[in-house]
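Subject: Structure handover

Hello,

Here is the structure for you to look through. My notes on it follow below.

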Amino acid sequence: MKKKEVKKKKEDKKVVKSKNSPEVKKIITTLIIVALVFGFFYLLTYIFVGDFGKEDDTKEETKIQYDEILAGSSFSMNASKYLVVYYDFDAEDASEILSAIYTYEAKSDALKVYTVDLGNALNKNSVSEKSKKDPKDATELAISGPTIIRFRDGMVREYIEGQDKVVDYLSK
């Protein structure tokens, strides 16, 4: 009987193997299909995007721009003497002020010029209907239109207000 039982167990094992065989084939087939789909998308990405694995050799150096500042920084610039020009960069007459700034900066004795965009939402707390001509610090700053403030050692030394006066000051 022992021989029959051993023989029967061997047959049972064969039956078990044959039962698992279709499941194994399904798993392998599924894995192959998934690999082909990933390969297909990789190929499409490579074709449309290009060499996405390579680093770009034309890296640009980061440039830090110091000329445009926020109104709250007006009193704390590093230079001992400087001008801050306040105007709306998107206003119709903004190009006239910008041109005057370039003309002023071309002079050999020109002070450092910083600009503040009154249209920038971060500067809204400094924009007011009525200007304050002698602010002691940034919290007192109230600008109503194109304005130049000349600073010396972080204190207001001169206050010029109005489009024409600002352009005249920078152009002379």
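Before the rest, two remarks on the source. This is a predicted model, in which local features need pLDDT of at least 70 and side-chain atom pairs count only at pLDDT 80 or more, while totals for chains, interfaces and linings use all residues. Residues are numbered from 1 along each chain as its sequence is written, and side-chain values use heavy atoms, with hydrogens and water left out.

Salt bridges

K112 is joined to D67 by a salt bridge, 2.6 Å from N to O. The term stands for a side-chain nitrogen of Lys or Arg within 4 Å of a carboxyl oxygen of Asp or Glu, and the count by this rule is 4. D67 sits in the loop between α1 (2-49) and β1 (81-87), whereas K112 belongs to strand β2 (residues 112-117), so the pair links parts of the chain 45 residues apart. Helices (H or I, at least four residues) and strands (E, at least two) are DSSP runs, numbered from the N terminus.

K132 and E140 form another salt bridge, at 3.3 Å from N to O. K132 is partly exposed at 32% relative accessibility, and E140 is partly exposed at 29%.

E161 also forms a salt bridge, with K133, their closest N and O atoms being 3.6 Å apart. E161 lies in strand β4 (residues 155-161) and K133 in the loop between β2 and β3 (147-152), so this pair ties together parts 28 residues apart in sequence.

Helix α3

Which residues of helix α3 (residues 163-171) are buried? They are Q163, V166, V167, Y169 and L170. These residues cover an arc of only 160° around the axis (taken from the directions from the helix axis to the C-beta atoms), so they are on the same side of α3. An α-helix has 3.6 residues a turn, so residues three or four places apart point the same way. The buried residues of α3 pack against β1, α2 (94-105), β3 and β4, where contact means heavy atoms within 4.5 Å. On the other side of α3, D164, K165 and D168 are exposed.

End of helix α1

V49 is in helix α1 and is exposed, at 57% relative accessibility.

Regards

How values were computed. Buried means under 20% relative accessible area, exposed over 50%, partly exposed in between (1.4 Å probe, protein chains only).
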